[in-house]
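I opened the notebook with the pairing of the chains, then went on to a strand and a loop residue.

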Number of protein chains: 2
Amino acid sequence: MNALNIAEYMQTLGLQARVASAQMARASAAAKNRALKGLARLLRENVAALQADNARDLERAVAAGLAAPMVDRLKLTPKVLDTCAQGCEQLAAMPDIIGEIIGMKQQPSGIRVGQMRVPIGVFGMIFESRPNVTIEAASLSIKSGNACILRGGSEAIESNKALALLVRQALAEAGLPEDAVQLVQTTDREAVGQLITMPQYVDVVIPRGGKGLIERISREAKVPVIKHLDGNCHVYVDDPCDIDMAVTVADNAKTQKYSPCNASESLLVARGVAQAFLSKIGAIYAAKGVEMRGDDAAVQILRSQAAINSVATVVPASEQDWSEEYLAPIISIKVVEGLDEAIAHINRYGSHHTDAILTRDHMHAQRFLREVDSASVMVNASTRFADGFEYGLGAEIGISTDKFHARGPVGLEGLTSLKWVVLGQGEVRL
Amino acid sequence: MNALNIAEYMQTLGLQARVASAQMARASAAAKNRALKGLARLLRENVAALQADNARDLERAVAAGLAAPMVDRLKLTPKVLDTCAQGCEQLAAMPDIIGEIIGMKQQPSGIRVGQMRVPIGVFGMIFESRPNVTIEAASLSIKSGNACILRGGSEAIESNKALALLVRQALAEAGLPEDAVQLVQTTDREAVGQLITMPQYVDVVIPRGGKGLIERISREAKVPVIKHLDGNCHVYVDDPCDIDMAVTVADNAKTQKYSPCNASESLLVARGVAQAFLSKIGAIYAAKGVEMRGDDAAVQILRSQAAINSVATVVPASEQDWSEEYLAPIISIKVVEGLDEAIAHINRYGSHHTDAILTRDHMHAQRFLREVDSASVMVNASTRFADGFEYGLGAEIGISTDKFHARGPVGLEGLTSLKWVVLGQGEVRL
């Protein structure tokens, strides 16, 4: 397709999505759940066929010399497909939030006023590599009564096409419009440019992928974007605190997994507990091969411990380190005077994602919760908990680092809006 | 100032606003209310001085040949200033929503998760003519714990400067940062261009004014915009309905005031009640000089009534009429087969602002509420109720015709966001 054809093609998808979204908005919970359960069944019934389509993507990926971990992420194993099917069934079992009415109150004029939760309309999802995101996005879209346009990575196009066909079949079998979930069939980049600049058809765009992709989309989009940028998460070890608990949590926040955005990248320690805390956590990090980049005070404490110094890399941190999202076994460490400096440091260098205080002091906990300007603020818990499932949302659309509309882990509610409902008995305005 | 200086100037305002917003976010309810009550007092104490500054704007407006109603809107009379002062006092009396924690629930891991309401940060308000908007915006900003940058119309610059000085005095006297409310001191249009493209300093922009201004800002903004475009509001008279009640409400919705965005512009009537309803409402509209633009069926009924036909303008509606926001004594009228056609017509031609059904049928009422895709949907009430005060919000930041973040009348909550709060006892992720 040339650019003109792509524009036309995307407009067609947009119009079809808009039409389907009106039907989805009034679909019954039963029909939506039927589609989700049907999709789960189809995924389980078609494992062999899906793996055959997936094999063509894998061959191409290997031929193109893609790194092994990237090829792995492309794979539709029976286990991956079963997880997708389970996800659909879990969504089907969740209560339907569409149509709920909240806060209905009578006003002095006599009218009763409340708000009804309704689907946002049409969303676009742009993602890379992993084809199971096709099923995740489709199922979230069905459950929330929206229509969606999905644009996956070119490396997974055959897998995505096969999965999208099953979604359409499940929709049709449930009596819902097939166009409620549409996959962009071209891998031309121009299609993304179109998708993010059709406010008449697309109400919100959710990019999932590298920072470069997300920044480009945010810059060029003419529709709202639920975007997730950096996760430079902090753990602040306060004075007073329970040192053993602090060590357990700070260890988990850094080392339970290195790659997630909610893993902690920076450790702040109150001077009063620095010696006791750093000697313990330093030994653990050293044993796990975590490189420590500290300010002068931290480096001095860490290097003074033979058990740490002999096996670990302890180096002075540069100014840049305080802003860094390593996603690796590296952590920056700073000794601070206390709460005020910790809050100021986090608000200055952090990415407003997730930050935790480990403390016994109630007033400090309250101030930290209120004054740290992050999507998730925690007391005595690991930053690794910043996640839609851990928060009890039942599903996660994405994580937002913005303040507008949705902040932090976004559940199904992020794909809805509230409209005002007014019930009267013939009241008029005076 | 030249363009370069303006860019620098606006960046300075932005940085100052960002710094002040952190202080405002942690300000106590008592300090914010002290500032609001202080501002009310200062407004009352400085009536003469404010009128002297206002007179300079008025003189310039008259010399420039501004129309009398425009000059009127510029006037800071003692009554206008007292209304502003009362508004500040009412806000001071309202509960503080900042810091409230909602939905705190324990999760299977043991952590408790909820959401805390916090200020959104910095907002920009762009408005025309009426200088009292300076006080409205400043007081809303103070109450909601935000900082704001205000850009008023050039015709009111002297009045706005004088009012903004009082706001700064009130902030300082309450121990709050003066830069929490800043007025752009230049009338150069380039300042607006800067204000709406500084996402690092401005979290949301709220334009108030004509459609041209709002469209331009939406097109060029690099930050979210709470925008209010058209209000093509419908009243649908269903079958069955209480004809007398329907006549009372349809009359009020159109004629109580012609200029507000929530006045109805289009009347849909179910065929079964068309004869009975149109002959009554037609006589009222005719008596009030409302021009009626109908489809064939409506025109036929209206013209068949001598009492209407002799005094009123009854003309066939063009296709364009169904989309028109008249803001004038004109109404389009269409006879429809019933609920389905009414809903389809509203969703196609309406502006998704406010639409009402007048009915006795419970199922029809439920379907109308759910399926009409508008910010406000009403049963048996006048569209004129679509208003923050009538909805019990206590204050109105603006009205949003978007679905993202805020929809319909926006209260103080529209200037806040919810961050996640996690309370643990040393829990870690497994």
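I started with the interface. Of the interface residues of chain A, 100% are interface residues in chain B as well, so the copies meet through the same surface. I note that this is a predicted model.

Next I checked strand β6 of chain A, residues 204-208. Five of its five residues are buried. A:V204, A:I206 and A:R208 point one way from the strand, A:V205 and A:P207 point the other way, and all are buried. I looked for a pairing strand and found β3 of chain A, residues 122-127, which runs parallel to β6(A) and is joined to it by five bridges. One pair I wrote down is A:M125 with its bridge partner A:I206.

I moved to chain B for B:E128, which sits in the loop between β3 (122-127) and α6 (132-143). Is B:E128 buried or partly exposed? B:E128 is partly exposed, because its relative accessible area is 37%, and buried would need under 20%. Leaving aside residues up to four places away in sequence, B:E128 touches B:G153, B:E155, B:R208, B:G209, B:G210 and B:L213. For B:G210, I noted that the side chain of B:E128 reaches its backbone nitrogen at 3.4 Å.

Note on methods. Residues are numbered from 1 along each chain as its sequence is written. Chains are lettered from A and ligands numbered from 1 in the order in which they are written. This is a predicted model: local features need pLDDT of at least 70, side-chain atom pairs count only at pLDDT 80 or more; totals for chains, interfaces and linings use all residues. Side-chain values use heavy atoms; hydrogens and water are left out. Helices (H or I, at least four residues) and strands (E, at least two) are DSSP runs, numbered from the N terminus. Buried means under 20% relative accessible area, exposed over 50%, partly exposed in between (1.4 Å probe, protein chains only). Contact means heavy atoms within 4.5 Å. A polar contact is a pair of N or O atoms within 3.5 Å; within protein, one must be able to donate a hydrogen and the other to accept it, and residues adjacent in sequence count only if both atoms are side-chain atoms. Two strands pair if DSSP finds at least two bridges between them.
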